[in-house]
Amino acid sequence: MDTQYGWLLNLICYLPLAGALLMVFFIKNENVGAIKTAAAIIAGVDFVLSLPLWFLYRTDGAEFQFASRAEWITSVGAQYLFGVDGFAILLILLTTLLGFISVYSSFTAITHREKEYYVFLLMLQTGMMGVFCSLDFVLFYVFWEVMLVPMYFLIGVWGGPRKLYAAIKFFLYTLVGSVLMLVGILALYFYNAGGLKAIGLAGLGNTPTFSIPHLYTIAPQVPPELQFWIFLAFFVGFAIKVPMFPFHTWLPDAHVEAPTAGSVILAGVLLKMGTYGFVRLSLPLLPDATVKAVPWIGVLSIVAIVYGALVAMAQKDMKKLVAYSSVSHMGFIMLGMFALNDPGLRGAILQMLNHGVSTGALFLLVGIVYERRHNRLISEYGGIAKVMPVYATFFLIITMSSIGLPTLNGFIGEFLILIGAFNHSWVWALFAASGIVLGAAYMLWLYQRVFFGELANEKNKSLKDLNLREQWTIIPLIFLAFWIGLYPKPFFDRMQPTVDRVMERVSVALPETDLGFVSGGDTDADHAEEPESKHGE
Amino acid sequence: MIDVCRSLPIWLIPALPAAGFVVLALVGARFPRRWVAIVGAGSVGAAAAATLCTAIGFLGRPPETGVIEERLWSWIDVGSFEIGFNLAVDALSLVMIFVVTFVGFLIHVYSTEYMADDSAYSRFFACMNLFVAFMLMLVLADSLFLLYLGWEGVGLCSYLLIGFWYSDPANGAAARKAFIVTRVGDTAFAIALLLLYKHAGTLDIQAAMAWAADNWAVGSGIAVAVALLLLGGAVGKSAQLPLQVWLPDAMAGPTPVSALIHAATMVTAGVYLIARTHVVFELAPTAMTTVAAVGAATLLLAGCSALVQTDIKRVLAYSTISQIGYMFLGLGVGAWSAAVFHLMTHAFFKALLFLGAGAVIISLHHEQDIFKMGGLRRRLPGVFWTFLIGSASLAALPLVTAGFYSKDLILWAAWSSDSGSPWLWAAGAGGALLTAVYAFRLVFIVFFGDERGHVERRPGLLILVPLTVLAVLSVVGGFVETPSALGHVSFFFDLLDPVLPPAHATVAGHGTEVLLQTVVAAITLLGVGLAFFLYVRRPAIPAAVKASPLGAWLCGLWLSGWGFDTLYDRIFVRPFVAVAGLLRADPLDEISSSVARVIAAGNSALSRTQDGRVRTYAFGIGLGAVIAVAVVVLT
């Protein structure tokens with residue numbers, strides 16, 4: 001635990017909340033210009049402040065850096081424990097960037113109750129960042145729940161026609177998941193401490209604590225039976241967030257009804273909470289159960305990839321199409337992660353960023369035409385490349401990023417996931433690869449129906465191309481897409497320690513042959529003697 | 001001079017067109033047309049100059065290892081998975097970059113006039129430049145991973161250019177079809193890479209090939225699997241059976257696009273890929289046989305289809321599929337250099353034919369139906385003579401055309417190589433007859449006979465000069481490699497020798513070689529004569545054949561490319577769309593909705609008990625008391 005610059009992490013986390021509170025008290029509801037400016041400044045400053053994390057993080061340093069610690073609820077052993085590793089830093093940077101973009105892109109889209117809207121948006125940002133920073137289970141849980149509230153209001157107040165239905169569905173679904181997660185947390189807590197007599201659970205008798213780094217150390221001692229139940233509890237919580245098939249049905253409704261910025265945050269960051277939870281908690285804390293769950297999660301992920309793609313293909317609403325494409329892409333991430341090897345996990349982590357960039361941008365782009373036409377039906381469009389050439393170009397680049405074209409980000413992540421999946425089983429790789437073809441099919445069909453063809457619809461003839469502000473909401477994401485596609489090394493460097501540590505912790509439960517990263521050697525019988533072919537021990 | 005050339009960085013070659021793309025994409029729309037033309041064609045011209053320089057350096061002072069490598073940056077470096085952004089020039093890539101930049105430059109020059117009236121002039125050149133850049137990356141890549149980058153990149157450009165005139169939904173559909181069909185092949189390619197990587201631990205081409213040669217036994221299952229998967233990628237890109245269906249539709253793009261991408265360069269990438277990974281194929285005899293069989297079948301099927309097409313560009317499209325079939329036939333029998341040789345000569349004459357067809361098409365105001373053309377040899381003499389040379393080269397007229405020398409080598413290898421057979425030779429010879437007939441059918445219908453179609457404008461110099469240069473290349477391009485009976489020049493094979501081993505021949509009878517050459521030459525001349533007889537002397541005969549029931553059926557079948565589109569539509573597209581349609585409403589949503597419904601039903605059931613009537617409550621209290629007492633008494 002390295003406490004240097006611990007204050008910085010706290011500052012980044014709470015600045016949006018503090019800013020939101022200042023806005024509540026010091027800016028009048030009617031002063032819309034000042035509200036927008038203030039929100040943009042707060043989110044912008046937060047983004048700028050988060051940048052040093054990228055440079056200051058030391059890959060050879062302690063596991064968790066920028067840490068800070070304080071006593072909190074001493075009676076149960078809960079403490080205020082903040083700290084991040086490279087993996088969390090990448091997600092925090094994604095959050096601050098998308099946070100700023102969401103504020104900036106909402107200037108003209110939101111036309112009523114602006115102050116509350118931006119206040120909720122900023123509060124949401126603190127909630128999300130808190131999840132990535134927390135190293136104490138109670139703190140983690142608090143932020144996890146806090147995050148739900150602003151999102152609920154963002155969908156419920158500023159959403160589309162079925163906003164209440166979508167908001168309540170979103171809230172209930174995720175609440176069910178997080179309650180189960182809480183049960184799992186408590187089980188782990190009691191096992192570490194004195195056990196829980198009521199259910200006949202014997203404990204290790206350590207000092208009671210919710211500290212995640214401490215619980216990592218006892219993970220190998222948790223009996224497989226208990227691991228199974230805790231894993232199941234965590235699984236429900238995280239799988240709903242991801243969302244994994246068959247828990248995904250809240251997502252399309254939430255996406256379709258949420259305002260654009262809500263969709264961007266939802267796809268870009270909120271879904272990553274689930275995959276973050278798996279990598280941060282399930283895998284290292286419950287290695288035995290993780291290894292046993294591999295075939296099941298593999299099947300669910302493969303079904304998600306194919307099912308999501310098929311359903312996306314048939315959608316008539318652009319936002320719904322993108323939402324189902326998310327289901328398919330998140331299936332990819334889960335598949336790579338549960339290949340439980342180095343390239344798969346790396347690919348999964350990178351793909352979390354990629355999905356945030358590409359799908360976030362797709363929602364922004366769909367939001368831009370929605371703002372002009374107040375219609376998202378694909379059939380309402382056609383041939384608009386003629387009137388909106390810049391828009392068509394941006395959309396094309398993001399489409400290509402989403403379907404994994406080399407030189408763009410999606411390719412690197414997909415390819416590593418494929419390698420990981422392939423090292424696990426060729427059947428996984430085959431299905432994953434088929435997902436790539438399906439992905440191209442529905443995205444290109446969408447592109448064709450919206451941008452190609454005759455500009456027949458009168459209402460589209462006067463569509464205006466992107467203005468400067470709109471362009472600048474997309475350009476940073478395009479820049480990132482190319483950066484990750486052409487030179488992903490800095491990203492891999494930063495996630496390296498996390499990947500190593502997770503693999504190390506999972507490896508206690510892995511059978512010898514599944515270990516790590518097969519390379520340099522051959523698994524053919526006639527070359528099985530090459531010993532250096534196994535890494536990651 | 002040579003030292004200067006050797007010090008020229010290789011990355012300049014793809015970087016120049018890439019820079020052209022960036023300039024045109026960012027500010028091209030604001031440029032005057034002249035500037036767009038200068039940047040668009042100039043960047044490729046500069047790349048051609050750089051290629052020439054590299055070639056001088058390479059030939060003047062050949063590198064000891066046979067390869068000039070250039071490391072740019074580390075692209076992916078995670079654990080032991082390391083992929084550099086590195087380029088390599090060996091003899092094979094030298095031939096390829098020569099074809100890509102020179103033919104590409106000529107086509108760009110041609111396009112400056114051909115596309116002059118198009119409103120999206122800069123978009124056209126931006127995409128073309130991007131294509132050339134990706135194609136050069138593809139052939140200069142020193143790892144299969146980077147090759148895959150170029151491979152997908154050219155696919156994207158192909159997509160953008162087929163759908164260039166996107167206002168017509170048919171063009172957009174053709175573009176999408178091309179992208180998705182080739183992506184099926186690309187997926188096989190990607191799995192081949194994974195498999196190779198899992199075993200060899202590297203995707204560096206030279207290292208992986210060396211590893212495979214050392215570690216895999218001939219005929220081992222894994223080698224066959226990798227080779228077949230690579231073949232899957234190759235048949236997608238090169239429009240061979242069973243993934244050939246996209247290429248005829250790809251003719252929806254502007255004609256220079258068809259010439260550059262769908263004839264001269266991109267579609268031959270599959271041939272390049274197999275030649276590049278020939279080590280794996282040599283380890284997999286089954287895969288080699290498959291390659292040869294795919295080539296032989298494709299060249300015959302596509303040749304038949306070319307025979308009955310009425311759209312000038314579709315004739316040429318099927319002809320391209322058929323000619324790439326020859327290249328696959330050559331690859332399949334281990335005649336690597338011969339296949340690459342045919343790739344080069346084909347690039348010359350097929351680009352020439354497409355550009356000639358384009359000149360005809362714009363002269364007749366975008367008319368593509370050959371039966372609405374005729375007698376054009378007097379109106380468009382420059383186009384006629386060059387087109388004639390191109391057709392002669394395509395038909396492989398003996399001695400005087402480049403196509404003859406390259407096709408001859410493939411046919412000889414099909415007969416004489418270890419993995420060859422008389423059947424493969426017979427397929428190639430049969431294809432030669434078909435080629436001669438359809439090539440000259442086109443010439444006779446379009447340029448001879450009664451004058452039909454009104455020539456609106458004659459092509460200018462920017463069109464005629466590229467045609468002339470390509471016509472010259474279509475003749476002299478063959479003299480770099482001639483058979484032993486005809487001077488025995490072996491410059492081309494000597495150049496490629498360090499990269500591509502010669503075909504293993506068992507029955508290398510000199511007399512047989514000359515005999516077979518004579519037979520094929522005779523077949524070709526017979527085909528030309530037949531075309532002359534059928535389409536100039538007795539045009540009533542083909543018309544009568546077409547009118548007969550069997551002829552009509554066959555014509556319809558061939559016209560539609562043997563019905564593959566219908567077949568795929570029935571077995572893939574429709575079921576897929578139907579399943580997707582069934583899932584539109586996401587049936588799984590029912591699970592959560594039904595939970596909600598159960599709770600709602602429970603709510604309404606229980607709320608019914610709260611009806612405000614005293615007797616209901618009294619009944620409830622009584623019932624509860626009875627149950628409570630019963631429980632106490634009975635337990």
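Modeller: This is a predicted model. A place to begin is B:Pro242, which sits in the loop between helix H9 (221–237) and helix H10 (246–249) of chain B. The peptide bond that joins B:Leu241 to B:Pro242 is cis, with omega about -5°.

Biologist: Which residues of chain A does a cis peptide bond join, and what is omega there?

Modeller: The bond joins A:Phe245 and A:Pro246, and omega is about 0°. A:Pro246 is found in the loop between helix H9 (224–241) and helix H10 (250–257) of chain A.

Biologist: What is said of the phi of A:Phe66, and why is A:Phe66 called buried?

Modeller: Phi of A:Phe66 is positive, about 55°, although the residue is not a glycine. A:Phe66 belongs to strand S1 (residues 65–73) of chain A. Its relative accessibility is 2%, and buried means under 20%, so A:Phe66 counts as buried.

Biologist: What makes A:Arg113 partly exposed?

Modeller: The relative accessible area of A:Arg113 is 44%. Buried would need a value under 20% and exposed one over 50%, so A:Arg113 falls in between and is partly exposed. Phi of A:Arg113 is also positive, near 50°, in a residue other than glycine. A:Arg113 lies in the loop between helix H3 (86–105) and helix H4 (114–133) of chain A.

Biologist: How many disulfides are there over all chains, and how do you know that B:Cys127 is in no disulfide?

Modeller: The count over all chains is zero. For B:Cys127, the nearest cysteine sulfur is that of B:Cys157, 6.6 Å away. A disulfide needs two cysteine sulfur atoms within 2.5 Å, so B:Cys127 is in no disulfide. B:Cys127 is buried, its relative accessible area being 10%.

Biologist: How many residues of chain A and chain B are in contact, and how much area do the chains bury between them?

Modeller: In chain A, 67 residues are in contact with 54 residues of chain B. The two chains bury about 5,400 Å² between them, and 69% of this is on carbon and sulfur atoms. On the side of chain A, A:Phe415, A:Phe422 and A:Phe452 lose the most area to chain B, together 11% of what that side buries.

Biologist: What makes B:Asp589 and A:Lys169 a salt bridge?

Modeller: Their closest N and O atoms are 2.6 Å apart. The cut-off is 4 Å between a side-chain nitrogen of Lys or Arg and a carboxyl oxygen of Asp or Glu, so the pair qualifies as a salt bridge. The count between chain A and chain B is one. Polar contacts across this interface come to twelve residue pairs, both residues being at pLDDT 80 or more.

Biologist: Which helices give two or more residues to the side of chain A that touches chain B?

Modeller: Among them are helix H7 (163–192), helix H12 (287–314) and helix H17 (426–451) of chain A. H17(A) supplies the largest share of that side, 13 residues. The residues there divide into 42 nonpolar, 15 polar and ten charged.

Conventions
Residues are numbered from 1 along each chain as its sequence is written. Chains are lettered from A and ligands numbered from 1 in the order in which they are written. This is a predicted model: local features need pLDDT of at least 70, side-chain atom pairs count only at pLDDT 80 or more; totals for chains, interfaces and linings use all residues. Side-chain values use heavy atoms; hydrogens and water are left out. Buried means under 20% relative accessible area, exposed over 50%, partly exposed in between (1.4 Å probe, protein chains only). Contact means heavy atoms within 4.5 Å. Buried area is the accessible area (1.4 Å probe) that two parts lose on being put together, summed over both. A polar contact is a pair of N or O atoms within 3.5 Å; within protein, one must be able to donate a hydrogen and the other to accept it, and residues adjacent in sequence count only if both atoms are side-chain atoms. Helices (H or I, at least four residues) and strands (E, at least two) are DSSP runs, numbered from the N terminus. Ala, Val, Leu, Ile, Met, Phe, Trp, Tyr, Cys and Pro count as nonpolar, Asp, Glu, Lys and Arg as charged, and the others, Gly among them, as polar.
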